[in-house]
Amino acid sequence: GKRVMVTGASSGIGEQMAYHLARMEAHLLLTARTEAKLQKVVERCLELGAASARYVSGSMEDTSFPEVVVKEAENTWGGLDMLILNHISYSHFTYFNGDVEHVRKLLETNFLSYVAMTVAALPMLKESEGSIVVVSSVAGKTGIPFVAPYSATKFALDGFFSSLRQEFIIDKVNVSITLCVLGYINTESAVQMVSHVIQDTPAPKEECALEIIRSGALRQRELYYPSWTVRSLLLLHGIAPDFLDSLIRSSYKVENVRR
């Protein structure tokens, strides 16, 4: 019966989160760019037992879109219990080529729209004492080669939402913020982008999606998934950052990276 909004819900981790939430009989509002895919996900959610499911298609590159989506939740439910921010814009896995405009575009979609969604939804979340779940990456905790623009947006998410959490506590606002620090997950887009360079086996998106929902429901500060891999990386980042950097570089087939 919880009212949950999931962004980037037409494929990958977002799609899997929608299915898990449907089995939990949540009310769902899903967003993504591709309407045809969203329609299929909504149909499947209803088959799986969602209390209700609807979608709003559009691009987060449109600065007015976050307000439109949140307004839909307000008009439909009159409130919101959980906001799951999961969408990203496409970025190349390659050496940074100096394209400042690409960095600006990624910041607009991968960071600023997260802020805009949060601002628009906050009055409803304060009323319900709800939760904000922010899907981030290990690339937002430590430097990863070949993803400099993407990494910048994920570091920005950590900085903003960690600061906002502090302000909520000071101001006695009972809205939880969970930052999800993800490693290599077997989504179609991730595998297509990096499988020729990264030798690791990706973690399952279905389990990842469930862990994200669990961490949000339990109001955890941060989620690390896959747990052992991400925790090990962050531990090394704290005590031996140069060693971690060399470890990351040595694990890549650098010769396969296209310039």
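Start with the second largest pocket, which holds about 270 Å³ of space. Here a pocket is an open set of points on a 1 Å grid over the protein atoms alone, where a 1.4 Å probe fits, with protein on both sides within 12 Å along at least five of seven lines. The volume is the space filled by probe spheres set on the points, which are joined across faces, edges and corners.

Before going further: this is a predicted model, where local features need pLDDT of at least 70, side-chain atom pairs count only at pLDDT 80 or more, and totals for chains, interfaces and linings use all residues. Residues are numbered from 1 along each chain as its sequence is written, and side-chain values use heavy atoms, leaving out hydrogens and water.

Now select Lys2, Val4, Asp81, Met82 and Ala217: among the 18 residues lining that pocket, they lie nearest its centre. Lining residues have an atom within 4 Å of a point. Colour helix α7 (residues 205-217) too, as it gives the largest share of the lining, five residues. Helices are DSSP runs of H or I with at least four residues, strands are E runs of at least two, and both are numbered from the N terminus.

Next, pick Glu72 and Arg54, whose side chains form a salt bridge (2.9 Å, N to O). Glu72 sits in helix α3 (residues 65-77) and Arg54 in strand β3 (residues 52-57), so the pair ties together parts 18 residues apart in sequence. The rule asks for a side-chain nitrogen of Lys or Arg within 4 Å of a carboxyl oxygen of Asp or Glu, and the count by it is 10 salt bridges.

Move on to Glu129, in the loop between α4 (100-128) and β5 (131-137). What is its phi? Glu129 has a positive phi of about 50°, although it is not a glycine.

Last stop: Pro226, in the loop between β7 (222-225) and α8. Check the peptide bond from Tyr225 to Pro226: it is cis, with omega near -5°.
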